[in-house]
Amino acid sequence: MTDLHDDRILILDFGSQYTQLIARRVREAGVYSEIYPWDAPFEQISDFGARGFILSGGPESTLARDRPEVPAGLFDLGLPILGICYGMQAIAEQLGGKVENVGKSEFGYASVRARGHTDLLRDIQDHATAEGHGMLDVWMSHGDRVAELPPGFKLMASTESAPIAGMADEERRIYGLQFHPEVTHTRQGMAIYARFLHQICGCGSEWTSHNIIEATIADVRERVGNDEVILGLSGGVDSSVVAALLHKAIGEQLTCIFVDTGLLRYREGDLVMEQFAEHMGVHVIRVDAEQRFLARLEGLTDPEDKRKAIGNLFIEIFEEEAGRQNDAKWLAQGTIYPDVIESAGAKTGKAHLIKSHHNVGGLPEDMKLDLVEPLRELFKDEVRHIGVELGLPREMVYRHPFPGPGLGVRILGEVNKKFADTLRLADHIFIEELRNHDLYDKVSQAFVVFLPVKSVGVTGDGRRYNHVVSLRAVETIDFMTARWADLPYHFLDHVSRRIMNEIEDISRVVYDISGKPPGTIEWE
Ligand code: XMP
């Protein structure tokens, strides 16, 4: 039987913000891909078993002294290589061409003329000029440019500001593109990747949700055998998909522990139980821990102290419950591929801590549980596709992210039950209206923040002196940077009215118009 990982592509990362996007595009084309840093040990790169390599873009200049380099041995492997942006410039520089900086950067749309009829771009075009030249609408983002082709290369694409916007050595199957085919603004981007992957590298299209599910189930069954497995179910996308997947793979051997912290969204605990326990027949233990969390949070106002308190108590409670599952041999976790990349980056000091994020983690040491992480190879969008394919409701699978400490960091300062209940209602109204107005999927994350200050208001029969809430909605791709969502005024007005009419404790609603940076998405 063929393994769906057999046809695989290795992406060498030169630090581009688009590197993960390249890996996702490759997988969308049905080919398994992984990302290594450009300076990974060469044996790891050559032993990976790639059918081809993609070199990402990056923020450096090949003209700088300590520039990142393409591992020299890569050119001797005889496998196809596609260099993008910095990746192309590095190929040009290292194989005897020339890169220059003319002091002009180019960001944004460009119209590229495809030249030279290469295997990579043949018959791929958006439109043709009056003279019959094929043109591509692409996304450019670069400072340097290639000034001279290396020996053996021919011109593959050009624009006015980048006369060498693409180059190819078809004999050695080495290609370079100055523009970014992974970005959706490059309309033929997927066609270009598909051409590289299927025709030039000879990869099939085995990497599909269906095949991933089948392979993961077989793998889990083989590893776990007849053992019992426990899983911390949070209601979030990742743990929900793990639950559905493991339930399908090992049925009754799975026990989920759902810790209701009292800091969850409106009716969240009930919904988790309805979906998993009632509809799917998954064995779920619900731990009602609201009192304990509120007690632990009493007197705490500093956001990091609150995060630590919530995280630690969560682990304590999870361990207590897990400890009762005497027969469990395995702990399942919803780790996904970006977590794996991030913790690899953390080892080399590349990741930067802004807030201490907590996830269900903390393997109970003395329980000696082995880890099963069925999503470890997957990107978030792949996890979602699998979730839908496994029959989870779309609404659940495409939910906005929710922080581990929950409403604990959305009630500014000290947390108490009254504030949490009020916030839950306001948040529910906002989310419900976003859905009603078909705006929920247009924003990346939306929620309400509770401000423990009081403000004067007036209603028909008198003065009100009550709390303030802020609506927060952002658009982002990676949650590292974000723009506040430009929601229509009439919509904001409607939400504001509903919140103030329906929730007595709130006398004022504001809308947060801070970007990230300098603001963060959450308020704490
Ligand atoms: P910030 O506020 O740092 O948030 O711009 C970026 C993303 O991370 C989420 N977030 C958290 N997630 N534990 C989590 O699991 C946390 O402590 C935490 N703090 C922020 C936030 O909701 C956003 O999606």
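Student: Which residues of α5 meet α6?

Tutor: This is a predicted model, in which local features need pLDDT of at least 70 and side-chain atom pairs count only at pLDDT 80 or more, while totals for chains, interfaces and linings use all residues. Residues are numbered from 1 along each chain as its sequence is written, and side-chain values use heavy atoms, leaving out hydrogens and water. Contact means heavy atoms within 4.5 Å, and helices (H or I, at least four residues) and strands (E, at least two) are DSSP runs numbered from the N terminus. On the α6 side the partners are Leu245, Leu246, Lys248, Ala249 and Ile250; on the α5 side they are Ile213, Thr216, Ile217, Val220 and Arg221.

Student: How do the residues of the contact of α5 with α6 divide by class?

Tutor: Ala, Val, Leu, Ile, Met, Phe, Trp, Tyr, Cys and Pro count as nonpolar, Asp, Glu, Lys and Arg as charged, and the others, Gly among them, as polar. The division is therefore seven nonpolar, one polar and two charged.

Student: At what angle do the axes of α5 and α6 cross?

Tutor: Axes are lines fitted to C-alpha atoms, for helices over the stretch in contact, and angles run from 0 to 180 degrees between N-to-C directions. The axes of α5 (residues 209–224) and α6 (residues 237–250) come within 9 Å, and their crossing angle is roughly 60 degrees.

Student: Which strands stand at the edges of the sheet of 10 strands?

Tutor: Two strands pair if DSSP finds at least two bridges between them. The open sheet has mixed pairing and the order β2-β1-β3-β4-β12-β11-β10-β6-β8-β7. Two of its strands have a single partner strand each, so one side of each is left without a neighbour in the sheet: β2 (32–37) and β7 (127–128).

Student: Which residue in β11 stands opposite Lys154?

Tutor: Strands β10 (residues 154–158) and β11 (residues 166–169) run antiparallel and are joined by three bridges. Opposite Lys154 stands Ala168.

Student: Which are the edge strands of the open sheet of five strands?

Tutor: The pairing in this sheet is parallel, and the order is β15-β14-β13-β16-β17. Pairing on one side only marks the edge strands, β15 (283–288) and β17 (370–372).

Student: Which residue in β17 is the bridge partner of Leu331?

Tutor: Strand β16 (residues 328–332) runs parallel to β17, and three bridges join them. The bridge partner of Leu331 is Leu371.
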